[in-house]
Amino acid sequence: MTAPLRHVELSVAGNEASDLLPVLSPALLEAHGARRGLWTVLDEGPVEACVALLVQDHEGRWAAHHQGFDAGAEAGRTEDGEALAHRDGWVYVVGSHFGSKGGPLRPKRAFFARFREADAARGVVKLHVVRNQLRLHRAINDALLAADISPLPPGERVQRQFIRETQIRGAAKAKSWTSRVITGDLPVNVEAAAFTPAGTLLLGLRFPVTQDGEPIIVEISDVEGMFDADPRTWPAVVRAYALTGVTPPGTLTGFRALTASGDGFEAVVGSIDALGKGSVLLDDHPTGGDITCTHVRFALGSSSRVPGEVVDDLAPFRNVEGIALLDGERIYVTDEDHRIALWHD
């Protein structure tokens, strides 16, 4: 790491953070007497209970607040929110679309949600939640099959625990999504998100990775349409990309965080899963675990192979979960048990 980072410990209902997103609404900052703020999503529990606001007052003190939401009929039907992104006054929350570390896939994690940021200045906010019943899983897997990048084939245990077990459970319960999980699929773990200037959404995947161990980005279109259109028509994957030049030789790295920056993007990449927690991914792909995090930047071009530039080696951190660029300062959040740990320069 090029310079030591300052550290702030916060707590919101004993839960850990999974992303950071700068607050853009002046009204919301004013309501909290804050000069700046960050959204974070907590990764345990339903999404309506797991979005928090981190604010810094004019004296420099940080505080954390749970944001109240009304998810209507979708209350209690989601889990494992992982990524946040801004678009036209909306804050979007994206589920991991993954499963537990031992599988199988969990459809409760396959969701998108959004709320009007300015409405949070007035208290409880309407949260529109759309569960996609593994449609994104299907769309990404189909896109990867057609892409001119080569994903790492699923290991035997990954295929059995994440794909076959999901098929068995879906068939046993006659779930409508069962046909969207096909033998040979890769489990998809969405870890990061950011909108492009054109309005498409980039999703940074922690898994799968390419055959060379490189992180994969997928670009999806018409995110707004998910909330008001026929759900059979979405989501659509525009393109899949491989982020090159940021993976140490002989290892696998996935996305940990992503944010838009100027005419490009900055991200954190690192391990495909945590060590010592019974990960089936690491059982099959052990070179994806013992990796420290790296801050990188990139810009999309015409090629599906996107060169990345290393901004900073974040060693010894292995658990960075979010990145924000705020007032010229870089801020990270790490995945810590029962607390929110902010690190800033």
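This is a predicted model: local features need pLDDT of at least 70, side-chain atom pairs count only at pLDDT 80 or more; totals for chains, interfaces and linings use all residues.

Numbering starts from 1 along each chain as its sequence is written, and side-chain values use heavy atoms, with hydrogens and water left out.

**Stop one.** Select Asp43, Lys101, Arg206, Lys277 and Asp335, the closest to the centre of the largest pocket among its 32 lining residues. A pocket here is an open set of points on a 1 Å grid over the protein atoms alone, where a 1.4 Å probe fits, with protein on both sides within 12 Å along at least five of seven lines; lining residues have an atom within 4 Å of a point. The space in this largest pocket is about 690 Å³, a volume being what probe spheres set on the points fill. Now colour β12 (189-195) and β22 (329-336), the elements that give two or more residues to the lining. By class, that lining has 18 charged, eleven polar and three nonpolar residues.

**Stop two.** Move to Leu105, Arg106, Pro107, Lys173 and Trp177, the closest to the centre of the second largest pocket, which 15 residues line. About 340 Å³ of space lies there.

**Stop three.** Show strands β4 (residues 51-57) and β5 (residues 62-66), which run antiparallel and are joined by five bridges; strands are DSSP runs of E, at least two residues, and helices are runs of H or I, at least four. Two strands pair if DSSP finds at least two bridges between them. Leu54 stands opposite Ala64 in β5. Finish at Gly60 in the hairpin turn, with a positive phi of about 95°.

Methods
Ala, Val, Leu, Ile, Met, Phe, Trp, Tyr, Cys and Pro count as nonpolar, Asp, Glu, Lys and Arg as charged, and the others, Gly among them, as polar.
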